[in-house]
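Visitor: I'm new here, so please pick one spot and show me around it slowly. I'd like to hear about what sits inside and what faces out.

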Amino acid sequence: MVNRARQRRALDGVGTRITKGYGVQSAESRGGAGPGAAEEAAGWADAGPVDRVTRRDSAQSESARANRSWWDSNADEYQAEHGEYLGDARFLWCPEGVYEDEARLLGDIAGRAVLEVGCGAAQCARWLTDQGAHAVAFDLSARQLQHARRIDQQSGRAALRLVQAEATALPFADASFDVACSAFGAVPFVSDSARLMREVARVLRPGGRWVFSVPHPFRWALPDLPDDEGLVVRHSYFDRRPYVEQDEDGEATYVEHHRTVGDRIRELTAAGLIVRDVVEPEYPDELGDRWGGGWSARRGRLVPGTAIFVTRKVGE
């Protein structure tokens with residue numbers, strides 16, 4: 001696989017470049033950096049008639065196609081690299097180590113119908129099931145769902161209820177769920193995130209909760225680097241153009257979308273959801289000096305890395 005972290009250096013860290021939220025490994029952490037690494041990256045990305053990494057518009061159809069293909073192609077590597085950290089049946093909201101069994105952002109889930117949005121290998125849904133929830137999990141990527149089934153089989157567990165679907169067109173009836181949740185899944189990967197919020201609100205029962213974590217929107221203004229260079233604003237926070245990796249013909253192969261905090265609030269309220277809290281976890285000492293790509297003690301003690309939106313559907 002191409003070292004995509006190195007490509008991103010050509011844009012000074014434009015975007016957040018996440019992989020299910022747990023951080024792309026930077027060129028430094030992948031062992032690819034050193035004197036001249038940024039120059040090498042810039043030269044590679046600028047070669048040929050089409051920039052391989054850019055900021056440009058990407059419609060929902062293109063974003064969905066690109067991200068489905070990317071995750072199908074890279075799910076094996078991702079699960080091999082991050083599977084142990086995620087665990088087979090744990091609910092980790094973010095790299096800062098916020099676990100649902102302690103945070104209780106979803107409330108009492110025993111006996112509740114819960115939907116995991118953008119589940120990957122469904123580690124969170126598996127934990128939800130262990131707590132007595134009636135969990136359903138979906139993802140865009142068939143290969144990610146195959147890993148979910150593999151984990152069920154290897155652990156001798158009953159098979160989870162898994163669905164392949166797009167987050168902007170949920171194949172579920174109105175008012176089917178009491179709770180919906182997503183730990184860095186789906187939300188940053190769709191062009192029309194306002195439609196995603198409406199779809200989640202549609203399948204929630206009145207009073208149901210929708211809780212999701214995303215890379216903190218402020219990260220888009222900073223290079224995705226763990227040291228002091230990653231604390232210098234180099235891009236406009238208000239530039240909503242997505243981060244796009246593309247092939248030599250200009251076809252997107254990976255897309256992430258950016259929204260400001262205000263954008264998120266407006267999307268949620270327009271969908272009939274009440275924002276109850278926005279959690280911005282602080283960087284914990286136990287993560288050490290560096291973790292993953294742009295997460296580090298240096299950055300994390302000055303600027304937030306994650307935003308967790310806690311909402312409730314209007315109604316009882």
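Guide: Let's start with Cys124, which is buried, with a relative accessible area of 4% (buried means under 20%, exposed over 50% and partly exposed in between, using a 1.4 Å probe and protein chains only). This is a predicted model, where local features need pLDDT of at least 70 and side-chain atom pairs need 80 or more, while totals for chains, interfaces and linings use all residues. Residues are numbered from 1 along each chain as its sequence is written, and side-chain values use heavy atoms, leaving out hydrogens and water.

Cys181 is buried too, at 0% relative accessible area. What about a bond? The structure holds zero disulfides, a disulfide being a pair of cysteine sulfur atoms within 2.5 Å. Cys124 is in no disulfide, and its nearest cysteine sulfur is that of Cys181. The two sulfurs are 6.5 Å apart, so they are too far from each other for a bond.

Now for the empty space inside. Rolling a probe the size of a water molecule over the atoms shows where empty space is left. Of its 19 lining residues, Gly118, Asp139, Leu140, Ala186 and Phe189 lie nearest the centre. Helix α3 (60-86) and strand β3 (134-139) each supply at least two lining residues, and α3 gives the largest share, five. Helices are DSSP runs of H or I, at least four residues, and strands are runs of E, at least two, numbered from the N terminus. The lining splits into nine nonpolar, seven polar and three charged residues (Ala, Val, Leu, Ile, Met, Phe, Trp, Tyr, Cys and Pro count as nonpolar, Asp, Glu, Lys and Arg as charged, and the others, Gly among them, as polar).

One last stop is helix α8 (residues 261-270), whose buried residues are Asp263, Arg264, Glu267 and Leu268. Seen down the axis of α8, they fall within an arc of 125 degrees, so they line one face (the arc is taken from directions between the helix axis and the C-beta atoms). On the other side of α8, Arg266 and Ala270 are exposed. Just after α8, Gly272 has a positive phi of about 85 degrees.

Conventions. On a 1 Å grid over the protein atoms alone, a cavity is a set of points where a 1.4 Å probe fits but cannot get out, and a pocket is an open set with protein on both sides within 12 Å along at least five of seven lines; lining residues have an atom within 4 Å of a point.
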